[in-house]
Amino acid sequence: MLPGMDPAPPPDATDVAHDLGLITWAARQADLMLNGMGNRWRHVQGVAAKAQIVGEAFEGEDREHLVAGAHLHDIGYAPVLHVTGLHQLDGALYLRSLGHERLAALVAHHSEARFELKLRGYGSALDKYRREASSVSAALVYCDLTTGPTGLPMTLDDRLSEVYERYGPDSLVSEALRQATPHLRAAVDATEMLLRRRGLMR
């Protein structure tokens, strides 16, 4: 639990997102839950900053959900939200409880979580959230997997190598990542192609 935080949902959680604006609300939630968590917070800030740029390739609700999803993709790491111990599901459960179904689904499935969660025996829990196979979900993969653990930009290959080194080649996380890699690479490639078409990347 974060210092000074009650186990009950914080008062900010009852804010009406459409009054604040979804992105502003999501940024406040991430700050409230994750600020002070070292590299986790730095990573989230880097992903959100990248999503602000990538979001220029989208409009309306899609842009809002991409940038908000970037702010919230790791919110399940907040100790106050611990239920299963799996950040994808714990973050999604919290967002669903606040009525943000699309955000909950994006967070639940972000960066091909299905491979890790299936290996951990939580595939049926993940199935309760619709998997969005869209340019928005691909862009969220891109923002997450081209941002390193301290928030600095990384290539996808360097990011994959960093995860293998951090967890070890024989870990469950590394095995899930090996299974997910073709899908992650396809998402990154598709997003880079979209950014080039929009004149946002050379």
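This is a predicted model: local features need pLDDT of at least 70, side-chain atom pairs count only at pLDDT 80 or more; totals for chains, interfaces and linings use all residues.
**Helix α4**

With 13 residues at 1.5 Å a residue, α4 should span 18 Å. I checked its end C-alpha atoms and found them 18 Å apart, which agrees.

Next I asked which residues of α4 are buried. My list came out as H65, L66, V67, A68, G69, A70, H71 and L72. Then I looked up what covers them, and the cover includes α2 (22-34), α3, α5 (87-97), α6 and α9.

**Helix α9**

Since α9 turned up there, I went to it next. How many of the eleven residues of α9 (residues 135-145) are buried? I got ten, so the helix is largely enclosed by the rest of the structure. The buried ones are V136, S137, A138, A139, L140, V141, Y142, C143, D144 and L145.

For the cover over these I noted several helices, including α3 (39-54), α4 (60-72), α6 (101-109), α10 (156-167) and α11 (172-197).

I also peeked at the N-terminal end of α9, which is capped by S134. A side-chain oxygen of S134 lies 3.2 Å from the backbone nitrogen of V136.

**Y164**

My last stop was Y164, which sits in helix α10.

Leaving out residues up to four places away in sequence, I found Y164 touching P169, S174, L177, R178 and T181. I also compared Y164 with E175: they are eleven residues apart in sequence, and 9.1 Å apart in space, C-alpha to C-alpha.

Methods:
Residues are numbered from 1 along each chain as its sequence is written. Side-chain values use heavy atoms; hydrogens and water are left out. Buried means under 20% relative accessible area, exposed over 50%, partly exposed in between (1.4 Å probe, protein chains only). Helices (H or I, at least four residues) and strands (E, at least two) are DSSP runs, numbered from the N terminus. Contact means heavy atoms within 4.5 Å. A polar contact is a pair of N or O atoms within 3.5 Å; within protein, one must be able to donate a hydrogen and the other to accept it, and residues adjacent in sequence count only if both atoms are side-chain atoms. The expected span of a helix is 1.5 Å times one less than its number of residues.
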